[in-house]
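These are my notes from a first pass through this structure.

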Amino acid sequence: MTVAAKKRTLTDEGGAVFDQELEDLPQELRWREWMGRIEAVLFASAAPVGRDDLTRVVGQGASVEMLIEDIQAELVGRPYELVQVAGGWMFRTKTQFAGAIKAAADLGDQSLSFTEMEMGVLCAIAYHQPIDRAGLADIFGKEVGRDLLARLRYKDLIASGPRSPRPGAPHTFVTTETFLVTFDLQSLRDLPELQSEVLGEP
């Protein structure tokens with residue numbers, strides 16, 4: 001494939017050619033442009049952006065991981081950082097500045113505050129998923145209210161999973177990508193080990 005053909009493999013919505021390779025630029029300026037493109041994509045996204053999506057804005061000779069590392073190096077000392085969560089990357093305000101943000105703009109999102117029971121149910125779902133209401137009742141020794149589950153679903157922390165093999169095939173619950181992002185987890189394998197009694201196991 002010729003250079004001209006490669007440059008025409010990716011176009012924007014208006015049909016204009018999007019130049020990934022930037023071969024007309026010196027290497028240093030090309031690298032800085034690629035870094036800027038990745039920053040722009042991440043800045044514009046409220047969710048983690050995966051490697052495949054970031055690859056679409058840089059040339060074939062660019063390493064997304066190396067570009068990310070260079071961006072992270074430039075953010076040292078800034079109040080925000082570039083972190084890897086839920087299979088992608090996103091910008092996050094550093095935790096040490098959370099108080100300042102809340103004081104200045106009252107951005108403390110009450111929708112992400114949890115009662116002890118809500119956190120317990122969310123923990124049980126995370127470690128036992130897919131799990132239905134009967135399974136949760138077995139863990140807590142009482143029925144878990146539909147309103148509590150609805151609040152966790154409203155916060156996009158849980159979703160419906162596969163049908164349970166129990167009689168009647170009730171719905172089960174699983175955690176979501178928002179759950180991973182909220183608790184800074186790359187995947188469910190990053191869940192910390194808990195004592196068995198916390199999980200309702202013997």
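I began with the surface: in this predicted model, the protein exposes about 12,400 Å², and carbon and sulfur atoms supply 54% of that area. I then looked up burial and found that, of the 202 residues of the protein, 34% count as buried.

Next I went through the secondary structure, which comes to nine helices and four strands, and I wrote down their order from the N terminus as α-α-α-α-β-β-α-α-α-α-β-β-α. For the contacts with a separation of 6 or more, I noted that residues 24 or more positions apart account for 49%.

I turned to helix α4, residues 64-74, and asked which of its residues are buried. I found Val64, Leu67, Ile68 and Ile71; seen down the axis of α4, these buried residues fall within an arc of 100°, so they line one face of the helix. On the face of α4 turned away from that buried side I found the exposed residues Glu69 and Ala73. I also looked up what covers the buried residues of α4, and the list includes α2 (27-44), α3 (51-55), β1 (80-85) and β2 (88-93).

My last entry concerns the second largest pocket, for which I noted a volume of about 150 Å³. Eleven residues line this pocket, and Cys123, Tyr127, Phe179, Phe183 and Leu191 lie nearest its centre. Helix α6, residues 116-128, gives the most to the lining, with five residues. Sorting the lining by class, I counted eleven nonpolar residues, no polar ones and no charged ones.

Note on methods:
Residues are numbered from 1 along each chain as its sequence is written. This is a predicted model: local features need pLDDT of at least 70, side-chain atom pairs count only at pLDDT 80 or more; totals for chains, interfaces and linings use all residues. Side-chain values use heavy atoms; hydrogens and water are left out. On a 1 Å grid over the protein atoms alone, a cavity is a set of points where a 1.4 Å probe fits but cannot get out, and a pocket is an open set with protein on both sides within 12 Å along at least five of seven lines; lining residues have an atom within 4 Å of a point. Grid points are joined across faces, edges and corners, and a volume is the space filled by probe spheres set on the points. Helices (H or I, at least four residues) and strands (E, at least two) are DSSP runs, numbered from the N terminus. Ala, Val, Leu, Ile, Met, Phe, Trp, Tyr, Cys and Pro count as nonpolar, Asp, Glu, Lys and Arg as charged, and the others, Gly among them, as polar. Buried means under 20% relative accessible area, exposed over 50%, partly exposed in between (1.4 Å probe, protein chains only). The arc is that of the directions from the helix axis to the C-beta atoms. Contact means heavy atoms within 4.5 Å. Accessible areas come from the Shrake-Rupley method with a 1.4 Å probe; for residues, only the protein chains shown count as cover.
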